[in-house]
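Colleague: I'm new to this one and would like to learn how to read it. Could you walk me through it, feature by feature?

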Amino acid sequence: MSTRYDVAIIGCGEAGIFAGYELMRLCPSLKVVTLDQGSDIYTRSCPIVAGKVKECIHCKICDTMCGFGGAGAFSDGKYNFTTAFGGWLTDFMDAKEVMDLIDYVDSINVRHGATDQVFSTDTPAARALEKKALEFDLHLLQARCKHLGTENNLKILQSIYETVREHVEYRFRTSVASIEVLGTEGYRLGTDRGEPVDCRWLIAAPGRSGAEWFSNQCKGLGLELINNQVDIGVRVELPAKVFEHITDVVYESKLVYRTKQYGDQVRTFCMNPYGHVVAENVEGINTVNGHSYSDPALQSENTNFALLVSNRFTQPFNEPYRYGKHIASLSNMLAGGVLVQRFGDLVSGIRTNEHRMSKSFVRPTLTAAVPGDLSLALPKRQLDDIIEMIYQLDKLAPGTANYDTLLYGAEVKFYSARLALSGELETALPGFFAAGDGAGVTRGLAQAGASGVKVARVIARRLSEQG
Ligand SMILES: Cc1cc2nc3c(=O)[nH]c(=O)nc-3n(C[C@H](O)[C@H](O)[C@H](O)COP(=O)(O)OP(=O)(O)OC[C@H]3O[C@@H](n4cnc5c(N)ncnc54)[C@H](O)[C@@H]3O)c2cc1C
């Protein structure tokens, strides 16, 4: 026996949450269900964080990535007000609409406890920094940014959950296994719980954790997919003082540089002042990430950020996802997890071992990382790009190229294959919408949330037109 709903949402990460929120607001009488393979916001618990195990045991469903709040639940919630990065929604609608949607999602967060404090880039100090960076051919992408903080982010999500669950039915620990077209009746979702779910309107928001599964479903349904890029690099950790004159002004600086050696673009990404480096499990592969708390008592003395090189492929190989996974698995093979090396050791061509690490002035915040040699794991081209970028950053932030600057690897950012969608984020199948990172249209909280609101509004409008 199936159960029938007006709308079914796959995934309750940022995109699925805000789709549900907006449907609740605009069409409170609709019967809406959200299915997620993870748990609710109160019971998500990674065994490493809970102190039960030391390293990733590759849980079938990763509690860090899956469940209410999705991949962003345990992030520090850096919320970027921009169309310049964090997604490609301007390929589907104009920039003004995207910015309005981003502001709207922020207003809901604020209603549920988010801070009002915004780091503005339109200040004399930020403009001076942008000018200074240009002297070294470093290009500072300007965007207003909010830092919710890891601990506050969770509280905001809990508050939103308590509000939306009054109207939207949530089915946790329920994986959607298949999507079937029921003609004019809509869609049928096969689940691992046995009972299928039927719906008139379908919103797929499976995030990066569900991207591979979703791509396969789309291929099976004959929907067109365009492969995206994969970004490969390292996470840099250094004393917070080195970047203080930058992070105090713009909090998260996105600096882009084109290397002289290869002409490749390298960028800083996800900067965490006084933060912590963490391991992340992407479909069984350990990669690295970072976050930071708002509460000074929980902060570290280091700043961390990613340095990423973008890779696109055309012919005859066009599988960026497989390539990125392969590189990350190499550092896993060498270190049994995340690998860490001192910058000085890397450029001197020697492995960092436990003994050399113990002499480092920079204390690693990810203590489980194993000292090793990144040059055995990362391809030469990406590594050369990263080294050149570190020397360039050293001109803007002297100390970046210090011997003891720590590099963790590999950091890999996968982007889901992009689904061919209309300007309303609808697939070629009527009433079947896709939103968020899993559809390959976003790669950040702000645009993911915005895409969820957008599809909910389209459904609400069509329903009102139908009377
Ligand atoms: C450690 C970390 C830190 C980050 N920090 C930031 C940050 O500071 N700022 C920022 O802008 N972005 C950040 N991001 C990125 C941000 O979290 C994502 O862009 C955002 O969560 C995407 O939202 P989404 O709804 O598209 O997907 P997700 O948040 O990934 O949610 C997808 C949901 O779908 C569920 N799902 C998948 N497949 C299925 C299936 N078959 N059946 C049922 N359920 C399914 C998953 O369980 C998951 O809960 C961070 C990401 C990580 C991992």
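This is a predicted model: local features need pLDDT of at least 70, side-chain atom pairs count only at pLDDT 80 or more; totals for chains, interfaces and linings use all residues.

Colleague: Where is cysteine 270 found, and is it buried or exposed?

Modeller: Cysteine 270 sits in strand E13 (residues 265–272). Its relative accessible area is 9%, so cysteine 270 is buried.

Colleague: While we're on the backbone, which peptide bond is cis?

Modeller: Omega is the angle to check here. The bond from glycine 409 to alanine 410 is cis, with omega near -5°. Alanine 410 belongs to strand E19 (residues 406–414).

Colleague: Now a loop residue. What does the side chain of serine 300 reach?

Modeller: Start with the place, then the neighbours. Serine 300 lies in the loop between strand E15 (285–291) and strand E16 (302–311). Its side chain reaches the backbone oxygen of glycine 275 at 2.5 Å. Setting aside neighbours within four places in sequence, serine 300 is in contact with Tyr274, Gly275, His276 and Thr365.

Colleague: How far apart are the C-alpha atoms of serine 300 and histidine 276?

Modeller: They are separated by 6.7 Å, although the two residues are 24 residues apart along the chain.

Colleague: Is threonine 442 buried or exposed, and what does it touch?

Modeller: It counts as buried, because its relative accessibility is 2%. Not counting residues up to four places away in sequence, threonine 442 touches several residues, among them Gly86, Gly87, Trp88 and Leu89, and also Gln447, Ala448 and Ser451.

Colleague: And glutamate 426: where is it, and what is it in contact with?

Modeller: Glutamate 426 is in the loop between strand E20 (418–419) and strand E21 (432–434). Leaving aside neighbours within four places in sequence, its contacts are Ala420, Leu421, Gly431, Phe432, Phe433 and Arg462. Glutamate 426 counts as buried, because its relative accessibility is 11%.

Colleague: Let's zoom out. How is the protein chain divided?

Modeller: There is domain 1 (3–119 + 145–227 + 416–466) and domain 2 (230–414). Their C-alpha centres lie 29 Å apart. The contact takes 25 residues from domain 1 and 30 residues from domain 2.

Colleague: How do I put a size on that, and which residues of domain 1 lose the most area?

Modeller: The size of an interface is often given as the accessible area lost when the parts come together. Between domain 1 and domain 2, the buried area is about 2100 Å², with carbon and sulfur atoms giving 50% of it. In domain 1, Lys78, Arg208 and Asn227 lose the most area to domain 2, together 23% of what that side buries.

Colleague: How many salt bridges and polar pairs are there between domain 1 and domain 2?

Modeller: The count is two salt bridges, along with seven residue pairs in polar contact. On the side of domain 1 that touches domain 2, strand E3 (78–81), strand E5 (144–147) and helix H4 (150–164) each supply at least two residues. H4 gives the largest share, three residues. By class, that side of domain 1 has eight nonpolar, nine polar and eight charged residues.

Colleague: Last one: which side chains meet aspartate 231 in a salt bridge?

Modeller: Aspartate 231 meets the side chain of arginine 443, at 3.6 Å from N to O.

Technical notes:
Residues are numbered from 1 along each chain as its sequence is written. Side-chain values use heavy atoms; hydrogens and water are left out. Domain bounds come from an automatic or database domain assignment. Contact means heavy atoms within 4.5 Å. Buried area is the accessible area (1.4 Å probe) that two parts lose on being put together, summed over both. A salt bridge is a side-chain nitrogen of Lys or Arg within 4 Å of a carboxyl oxygen of Asp or Glu. A polar contact is a pair of N or O atoms within 3.5 Å; within protein, one must be able to donate a hydrogen and the other to accept it, and residues adjacent in sequence count only if both atoms are side-chain atoms. Helices (H or I, at least four residues) and strands (E, at least two) are DSSP runs, numbered from the N terminus. Ala, Val, Leu, Ile, Met, Phe, Trp, Tyr, Cys and Pro count as nonpolar, Asp, Glu, Lys and Arg as charged, and the others, Gly among them, as polar. Buried means under 20% relative accessible area, exposed over 50%, partly exposed in between (1.4 Å probe, protein chains only).
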